[in-house]
Amino acid sequence: MDIQWYPGHMAKARKQVQQNLQMVDVVIELLDARIPASSRNPDINVILKDKPRLVVLNKSDLAAPEATAAWLDYFNRNALPAVAVDAHHGAGIKKMIALTEQQARPAVQKYMSRGRLARLARCMVVGVPNVGKSMLINKLAGKKVARTGNRPGVTRGEQWIKLGSKLELLDTPGILWPKFEDPETAYKLSVTGAIKEQIYNPEEICLKLVQWLLEKAPDVLASRYKLDTIPGEIWEVIEKIGKYRGFYLSGGKIDSNKAAVFVIKEFREGRLGKFSLELP
Ligand code: G4P
């Protein structure tokens with residue numbers, strides 16, 4: 001993520017979400033379908049309390065479909081309605097809107113039962129940086145409306161985006177912090193792109209990724225990078241990919257850093273296949 005979270009940032013982010021929560025009936029908790037546990041804010045249940053919620057697994061176009069199905073089942077079994085979407089291409093969005101509206105219905109009905117005039121249900125999106133909040137909001141709005149950047153900032157006058165005839169969405173997402181203390185979680189956030197380049201060491205991340213890929217899908221690297229054999233040492237695999245791509249430093253040495261950055265980018269973009277890094 002392009003923000004270093006300090007206690008002050010976290011307190012500010014939490015406060016902003018809590019303020020906006022008062023305006024909505026339901027929260028869309030956006031997670032990365034490839035890492036639903038690691039892309040989850042550790043304090044989410046405390047922050048959202050008993051506010052109705054829909055868990056949305058975004059970037060499902062990049063995740064392993066069977067893993068996404070297992071996660072949806074897991075959330076549903078834990079009384080959290082969940083849906084998978086691909087905010088980039090729009091898959092699952094209609095279902096997401098219908099489920100959000102369904103989750104908000106009791107609050108709206110309660111409001112009207114007090115003799116008030118009918119009103120639209122209101123929702124907001126919350127999630128850690130880079131999970132796709134802006135892309136989802138822009139997709140729903142049909143234009144660029146979501147504020148970009150991952151810093152909880154000053155709330156300007158809120159704008160509402162109409163979703164169908166019964167629901168409206170706050171255009172400002174709630175930005176929350178991930179669970180970065182655990183090295184395994186930090187690795188998953190890095191390799192999927194939630195933590196940006198300047199923070200992690202690409203070669204270290206790539207070594208772990210290549211090792212994992214060789215275990216999970218042994219043929220993927222060989223076929224993508226035309227490797228005749230897979231060397232026993234992982235760093236040699238990365239060098240071989242660098243050689244195949246023609247990444248050389250002056251003096252003729254293979255640029256293994258460039259090769260590592262390249263492999264990570266290919267993985268993030270789904271060019272090596274659809275992979276999920278964790279199961280429920
Ligand atoms: P945020 O507001 O939660 O911080 O996330 P944002 O929408 O900025 O999305 C972060 C990155 O994830 C963007 O890529 C975006 O294109 C990508 N993304 C969001 N949703 C999806 C999805 O459903 N599928 C896929 N494949 N990608 C998704 P980026 O490389 O950081 O920027 P850019 O390529 O959009 O310029």
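Analyst: The model is a predicted one, in which local features require pLDDT of at least 70 and side-chain atom pairs count only at pLDDT 80 or more, while totals for chains, interfaces and linings use all residues. Residue numbers run from 1 along each chain as its sequence is written.

Helix α10 comprises residues 256-268. Helices here are DSSP runs of H or I with at least four residues, strands are runs of E with at least two, and both are numbered from the N terminus.

The buried residues of α10 are Ser-256, Ala-259, Ala-260, Val-263, Ile-264 and Phe-267. A residue is buried if 20 or more other C-beta atoms, placed from the backbone, lie within 10 Å of its own, exposed if 12 or fewer do, and partly exposed in between. Viewed down the helix axis, the buried residues of α10 fall within an arc of 130°, so they line one face of the helix. That arc is taken over the directions from the helix axis to the C-beta atoms. An α-helix has 3.6 residues a turn, so residues three or four places apart point the same way.

The cover over these buried residues includes α6 (183-191), α7 (202-216) and α9. Contact in this sense requires C-beta atoms, placed from the backbone, within 7 Å of each other. After α10 comes Gly-270, with a positive phi near 80°.

For context, the domain assignment gives domain 1 (7-175) and domain 2 (201-268), with bounds from an automatic or database assignment. Taken over C-alpha atoms, the centres of domain 1 and domain 2 are separated by 37 Å.

Two lysines have a positive phi although neither is a glycine. Lys-226, with phi of about 50°, lies in the loop between α8 (218-224) and α9 (234-245); Lys-226 counts as exposed because it has 10 C-beta neighbours inside 10 Å. Lys-59, with phi of about 60°, is found in the loop between β2 (53-58) and α3 (65-77). Lys-59 is buried, because 27 other C-beta atoms lie within 10 Å.

Conventions: Expected span 1.5 Å × (residues − 1). Contact = placed C-beta atoms within 7 Å.
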